[in-house]
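Please read the points below alongside the model.

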Amino acid sequence: MNTRTLTQTWDKTFPKSTKVNHRKVTFKNRFGITLAADLYEPRQTNGQLPAIAVSGPFGAVKEQASGFYAQTLAEHGFITMAFDPSFTGESGGEPRYVASPDLNTEDFSAAVDFLSMLPEADENRIGILGICGWGGFAINAAANDPRIKATVAATMYDISRCRANGYFDAMTADERYALRERLNAQRLEDYKNGRYTPDGGVVDPLPEDAPQFVKDYHAYYKTPRGYHERSLNSNNGWNQTSSLAFLNAPILAYSDEIRNAVLVIHGEKAHSRYFSEDAFKKLKGDNKELLIIPGASHVDLYDNPDAIPFDRMAAFFNKHLR
């Protein structure tokens, strides 16, 4: 069904802007899953506008960082849409809380389908913006979908690389094999029990020896600053077996064939900075940019308006969505 009961009250982690109009919308992806989204439009419009689809971080919902990005960019004159990925938030899909490199890349192209048919939007001027794990999916979508004229990846994770190699590529082949053994054993256990076991989300309470980036995640997802009742990271997390799909599917294999513009943004102090820098090295052409934000951490680029370069992003989209 393309009709879902969506929350109509303002339940975001950021205040509502008086400069834009907001409404809930739904659309289907190529797999028939109905996705739920928040559409933001400038109050003063003149003709068709460029449009931007936004999603992320990995395990978040549209009421968190992606909605903040979408609303702010709408204030800059774009039609924007923050959507919940398949199987999460207010979007459809069963079982719940499953991630997939194919489906999550498809979600971006499905958003382009929807925006292309929106009367207020110019179908020839559509971009996408992915935050954290959805930064990687955004680059993957841009490689597969030339309709995407401009792509921004903010504080990007390459989820397939992270799952298969661990942080900083520290995982050995033996460790990866042991991970496959554990996840497939969990798969059988889930099948026997008729339910999927979650991975627990962001650790809570924090262990004393938690790395700083884990403390940063906790400060966002587990406190009033960024907590949301539908957010996987704020609660019980993805299904454990979701990681299986990423072990054999590197999502950035064809990123060097992207011809349209890409802006990669990351914090100078972010533990994940190497994902963006390595992804940028593979991109080709003079319409690719890497922007490192001085002093910023990974999570600073979720909701810190002093760290997120909205003016720079708006200029990038205005340049390449002409």
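1. Cys132 is buried, because its relative accessible area of 4% falls within the definition of buried as under 20% (exposed is over 50%, partly exposed in between, with a 1.4 Å probe and protein chains only). Cys132 sits in the loop between strand S5 (121–131) and H3, and its phi is near 60°, a positive value in a residue other than glycine. The model is a predicted one, in which local features need pLDDT of at least 70 and side-chain atom pairs count only at pLDDT 80 or more, while totals for chains, interfaces and linings use all residues. Residues are numbered from 1 along each chain as its sequence is written, and side-chain values use heavy atoms, with hydrogens and water left out.

2. Tyr97, in the loop between S4 and H2, also has a positive phi, near 65°, but Tyr97 counts as partly exposed, at 35% relative accessibility. Pro95 is found in the loop between strand S4 (79–83) and H2, and the peptide bond leading from Glu94 to Pro95 is cis, with omega near 0°.

3. Helix H2 (residues 101–116) packs with helix H3 (residues 133–144) at an angle of about 70°, their axes 9 Å apart, which makes H2 roughly perpendicular to H3 (a term that covers 65 to 115 degrees). Helices here are DSSP runs of H or I with at least four residues, and strands are runs of E with at least two, numbered from the N terminus. Contact, meaning heavy atoms within 4.5 Å, involves residues including Phe108 of H2 and Trp134 of H3.

Conventions. Axes are lines fitted to C-alpha atoms, for helices over the stretch in contact, and angles run from 0 to 180 degrees between N-to-C directions. Angles under 35 degrees count as roughly parallel, over 145 as roughly antiparallel, 65 to 115 as roughly perpendicular and the rest as oblique.
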